[in-house]
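Trainee: I would like to learn how to read a few structural features. Could we work through an example together?
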Amino acid sequence: MLLIKNGRVIDPASNTDAALDILLDGGRISKVGANLSAPDAETFDAKGLIVAPGFIDLHCHLREPGQEMSETIETGTRAAVRGGFTAVCCMPNTQPVNDTASVTRGIVERAEAAASARVWPIGAASMGSKGEALAEIHAMKDAGIVAVSDDGKPIATARLVRQVMDYCRALDLLVIEHCEDPSLAAGGVMREGPQSVRLGLSGIPGESESICAGRDVEVAALTGARLHIAHMSTRASLEHVRAAKQRGLRVTCEVTPHHFTLTDEDVRYDPNYKMNPPLASREDRDALVAGLADGSVDAIATDHAPHHPGSKDVEFDRAPFGITGFETALAVGLSELVHTGRIPLARLVELFTTGPARVLGMERKIAAGEPADLTIFSAELPWTFRAAESASKSRNTPFDGRKFRGGPVATIVTGRIVWRRSLEARA
């Protein structure tokens, strides 16, 4: 048993924000209340800390199988729990692609052996993510996938999107889309605009994303399927999502910390500022922040995309897209959204917990009988992120050396403390 004492419990599902104790027993929450006592239990003193439902990351890349030089399920989930995440959804663009039940089962088994964060695989929408034929979606669902996506690129054609959505609607399975028109994005390495011209780098227009988002929303309306727009970066895409919600469509979206924090003005000849979708304009960034505040955006997701130095530390044009994100996501949210007064603390917690859970068709709350997955964090802790000390195998981040106010303190999965910060070495 584990008794968490003296914490400030924030649970968006029940609108709870109060000083409460939580008793965990056998992988489940046993009791929630004031002044709980359990003489035989280990005690965690959470005085001055926030206790929240376990954080969920809807979008990450664990690289296993096939790309273990950049990350493994073991190292990726160790980085995830250091960021406060108790469950992560891994994209299928591995080698081989997660397009069959056997690959899905392998991921699930390796995650269980790692005994860290829960891993919920996302299966490919098409075989090999090639955009030609449906993957083994039903079999993969039976093996443990929670959604399908051809992430890294969009589902190739509107016709195939319809086939995928029709099939997934019958299974009540989420379709996650990487929205990008390949014909507009081809050859681009950053967002098209004045900064791309100044740097002499090929640009990708924002319309590459919003045109594809509009297509997918219309097919979702046609089929009645559940659609989730991944790593949304533009105002126009957000307007498509807002309009879809107003029409009563089952359309949701996520935004990454780098897209609500950085802009194309921050891009330099440094591959750690190269990601897809690329960093957008200041106007787009501000629109995303507004969407996070007003409820139009459902979740914050990291798009943790590790790359080993041999592939990332090259010329900007040649480097792969993507940055790591597990260990900095909460701290960036606190620093850029809460401490700036843009959103309340409870809303930030919602974007990491009940928001992503709703996207997946799940519940996430602190109540007796619920899974004992909890994230404990400080809103005030001063600390510095150093990429060299990351649990990830990769170091590709624009936040190396950044000083933060607030961050994770402990992560609990199935009633077990899987990570705890050493507060003595925080600065």
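**Cavities, a buried threonine and salt bridges**

Mentor: Start with a lining. The residues around the second largest cavity divide into two nonpolar, seven polar and one charged. Keep in mind that this is a predicted model.

Trainee: Which residues line the second largest cavity?

Mentor: The lining is made up of His-304, Thr-324, Gly-325, Phe-326, Glu-327, Thr-328, Phe-385, Ser-390, Ser-392 and Thr-397. The volume of this second largest cavity is about 50 Å³.

Trainee: How is such a space found, and how many cavities of 30 Å³ or more does the structure hold?

Mentor: The general idea is simple. Rolling a probe the size of a water molecule over the atoms shows where empty space is left. Here, three cavities of 30 Å³ or more turn up.

Trainee: What is the volume of the largest cavity, and how does its lining divide?

Mentor: The largest cavity has a volume of about 60 Å³. Its lining divides into five nonpolar, four polar and three charged residues. Among the lining residues are His-178, Cys-179, Glu-180, Arg-191, His-231 and Asn-276.

Trainee: Now a single residue. Is Thr-100 buried or exposed?

Mentor: Compare the relative accessibility with the cut-off. Buried means under 20%. Thr-100 has 16% relative accessibility, so Thr-100 counts as buried. Thr-100 sits in the loop between β7 (85–90) and α2 (101–114).

Trainee: What does Thr-100 contact, leaving aside its neighbours within four places in sequence?

Mentor: Those contacts are Met-127, Glu-136 and Met-140. There is also a polar contact of 3.1 Å between the side chains of Thr-100 and Ser-102.

Trainee: On to charges. How many salt bridges does a search of the whole structure find?

Mentor: The search finds 23. Take Arg-8 and Asp-17: their closest N and O atoms are 2.8 Å apart. Arg-8 is partly exposed at 37% relative accessible area, and Asp-17 is partly exposed at 42%.

Trainee: Where do the partners Arg-250 and Asp-172 lie?

Mentor: First the distance. The closest N and O atoms of the Arg-250 and Asp-172 salt bridge are 3.8 Å apart. Arg-250 is in the loop between α8 (235–246) and β14 (251–255), and Asp-172 is in the loop between α4 (158–171) and β10 (174–177), so the pair ties together parts 78 residues apart in sequence. Arg-250 is partly exposed, at 41%. Asp-172 is partly exposed too, at 46%.

Note on methods. Residues numbered from 1 in each chain as written. Predicted model: local features only at pLDDT ≥ 70, side-chain atom pairs only at ≥ 80, totals over all residues. Heavy atoms only, no water. 1 Å grid on protein atoms, 1.4 Å probe; cavity = no way out; pocket = protein on both sides within 12 Å on 5 of 7 lines; lining within 4 Å. Points joined across faces, edges and corners; volume = space filled by probe spheres on them. Nonpolar A, V, L, I, M, F, W, Y, C, P; charged D, E, K, R; others polar. Helix = DSSP H or I, 4+ residues; strand = E, 2+ residues; numbered from the N terminus. Buried < 20%, exposed > 50% of the residue type's maximum accessible area, 1.4 Å probe, protein only. Polar contact = N/O pair within 3.5 Å; in protein donor to acceptor, adjacent residues only side chain to side chain. Contact = heavy atoms within 4.5 Å. Salt bridge = Lys/Arg side-chain N within 4 Å of Asp/Glu carboxyl O.
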